[in-house]
Amino acid sequence: MLTVDQAESIILDLVQPLQSPQDIETIDLCAALGRVLATPVISHLDFPHWDNSAMDGYAVRHADIKGSTANHPITLKIVEEIPAGYQPQRSLQPREAARIFTGACLPVGADTIVMQEDTQRLGNHVTIFNCPPPQAFVRRQGCFHKAGDLLLTPGIPLDAAEIAVLAASQSVQVPVYRRVKVAIFSTGDELVTPDQPLEPGQLVDSNRYALTALMLKMGVEPLNFSIVRDRPQALKQTISQAINQADAVLSTGGVSVGDYDYIEQILSELGGKIHVQSVAIQPGKPLTVAKFPDCVYFGLPGNPVSALVTCWRFILPALRKLSGLKSEYYQPVFVKARSLNLLQSKGKRETYLWGKLSVNQGEYEFQLAEGTHNSANLVNLAQTTGLAVLPVNCTQVEAGDFVQVLQV
Ligand SMILES: Nc1nc2c(c(=O)[nH]1)N[C@H]1C(S)=C(S)[C@@H](COP(=O)(O)OP(=O)(O)OC[C@H]3O[C@@H](n4cnc5c(N)ncnc54)[C@H](O)[C@@H]3O)O[C@H]1N2
Ligand code: MOO
Ligand SMILES: [Mg+2]
């Protein structure tokens with residue numbers, strides 16, 4: 001049995017990020033939210049694009065206003081008004097000022113802005129009661145960013161701030177990696193869809209819904225391969241279709257040691273190389289991972305909590321890596337949190353207990369979900385935002401002590 005750390009590095013090594021030119025598509029900026037940038041973005045513009053004012057006030061020549069105070073004010077003649085968006089028409093001569101507004105272009109000759117609050121206007125003259133330092137409130141062309149320099153690096157997720165940068169640099173068409181395709185199916189003779197009546201012994205297939213939701217949330221394209229009965233022929237047919245169509249496959253069930261657990265055997269028969277058969281994790285021990293030439297197969301345990309926990313811990317980071325995200329974006333995020341409850345484990349496997357992660361007075365807190373912590377009990381999994389991790393041999397964390405928590 002692999003340790004969690006061993007399984008993690010094997011799984012991450014198995015997936016290679018999208019990087020070939022065929023994996024890049026160009027899309028409208030408006031559709032780019034949540035996608036992964038595929039090539040460097042270099043701006044053809046300086047930021048700011050022009051020398052401009054950071055305040056509403058007056059553009060002046062600093063030499064003209066040097067030494068002005070409330071007691072010894074200096075008066076200049078206003079020769080032009082420059083709102084934002086206008087090009088100044090003349091250059092400032094000695095003892096001249098231009099009325100200017102935030103974001104408006106500096107006239108030639110001006111080197112300083114005096115904010116309106118330090119002035120008094122009378123007709124076409126302005127009196128200045130305070131002398132700011134030279135260059136005050138002037139935003140120089142290119143002082144934030146120079147044309148030709150790198151703006152955004154590939155492998156980053158596009159969120160509001162990146163979309164703003166792309167818009168500002170006039171990148172209306174954005175090169176992104178294509179969406180990763182993930183085939184999802186559930187296995188089990190006992191499973192019915194949520195809209196079917198339950199016969200004795202049957203169970204609703206909740207895993208497919210949970211996994212599809214996780215995939216949609218991370219921007220992956222899920223391919224629905226439905227429910228497959230515990231029949232080797234049916235499983236073989238579905239698995240071979242899935243590995244042909246998808247970059248990754250998620251199935252649940254059939255990976256333990258029971259007589260109807262066929263997944264591993266079929267993966268081998270289809271030429272898959274099994275890299276993970278079981279992991280010392282609770283829940284999720286029978287996680288099975290196989291590699292095909294163009295697809296990675298994740299056989300998740302059937303128990304609903306085991307399926308989600310293994311997905312959060314191992315599969316999402318792997319799929320984020322596959323999607324082209326850089327390491328800092330695909331690695332799982334753990335935080336140190338104060339546990340509000342006593343946490344217990346048998347100590348044999350690395351144990352993940354579900355609950356709520358929150359921040360209280362600047363400190364992370366973990367609140368254990370009430371009710372039974374059993375891999376078949378999905379009911380108290382609702383509203384989970386963190387999984388507290390008890391390492392192997394750690395049987396207890398006292399209430400009030402710190403624990404590592406995986407953010408989900
Ligand atoms: N003798 C042993 N038995 C089991 C072991 C073991 O080491 N030795 N491991 C246990 C552990 S741990 C887990 S986890 C489960 C994993 O079982 P499988 O992956 O083979 O899954 P199934 O047997 O098909 O189902 C297990 C359980 O989950 C329910 N299930 C299955 N699919 C769904 C679904 N789509 N939605 C909701 N619930 C589902 C299923 O009805 C079973 O109750 O094996 C233990 N056994
Ligand atoms: O390790 Mo299995 O996932 O309970 O319950
Ligand atoms: Mg089984």
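Biologist: What kind of atom of Ser 256 lies 3.0 Å from an oxygen atom of ligand 1?

Modeller: Let me start with the idea: a polar contact is a pair of N or O atoms within 3.5 Å; within protein, one must be able to donate a hydrogen and the other to accept it, and residues adjacent in sequence count only if both atoms are side-chain atoms. Here, a backbone N or O atom of Ser 256 lies 3.0 Å from the ligand oxygen. Asn 303 also uses a polar backbone atom, 3.1 Å from an oxygen atom of ligand 1, while Asn 207 places a polar side-chain atom 3.3 Å from a nitrogen atom of ligand 1. This is a predicted model, in which local features need pLDDT of at least 70, side-chain atom pairs count only at pLDDT 80 or more, and totals for chains, interfaces and linings use all residues. Residues are numbered from 1 along each chain as its sequence is written, chains are lettered from A and ligands numbered from 1 in the order in which they are written, and side-chain values use heavy atoms, leaving out hydrogens and water.

Biologist: What mean pLDDT does the protein chain have?

Modeller: pLDDT is the predictor's confidence in each residue, from 0 to 100. The chain's mean is 97, and 100% of its residues reach 70 or more. For the complex, the predictor gives an ipTM of 0.98 and a pTM of 0.94.

Biologist: Which residues surround ligand 2?

Modeller: A residue counts as near a molecule or strand if one of its heavy atoms lies within 4 Å of it. Around ligand 2 these are Ile 281, Pro 283, Gly 284, Lys 285, Asn 303, Ser 306, Arg 349 and Ser 375.

Biologist: Which residue coordinates the magnesium ion?

Modeller: Donors are N, O and S atoms within 2.8 Å of the metal (3.2 Å for Na, K and Ca); water is not among the atoms, so sites may look incomplete. In this model, Asp 261 coordinates the ion (ligand 3) through OD atoms at 2.4 to 2.5 Å. Asp 261 sits in the loop between strand 17 (248–252) and helix 6 (263–269); helices (H or I, at least four residues) and strands (E, at least two) are DSSP runs, numbered from the N terminus.

Biologist: Where is the kink in helix 7 centred?

Modeller: The bend at a residue is the angle between axes fitted to the seven residues ending there and the seven starting there. In helix 7 (residues 304–322), the kink is about 50° and is centred on Trp 312. Of the helix's 19 residues, 18 are buried; buried means under 20% relative accessible area, exposed over 50%, partly exposed in between (1.4 Å probe, protein chains only).

Biologist: Which peptide bond to Pro 283 is cis?

Modeller: Most residues other than glycine have a negative phi, and most peptide bonds are trans. The bond from Gln 282 to Pro 283 is cis, with omega near -5°, and so is the bond from Phe 47 to Pro 48, with omega near -10°.

Biologist: What is the phi of Gln 361?

Modeller: Gln 361 has a positive phi of about 50° although it is not a glycine. Gln 361 is exposed, at 80% relative accessible area, in the loop between strand 24 (350–360) and strand 25 (363–368).
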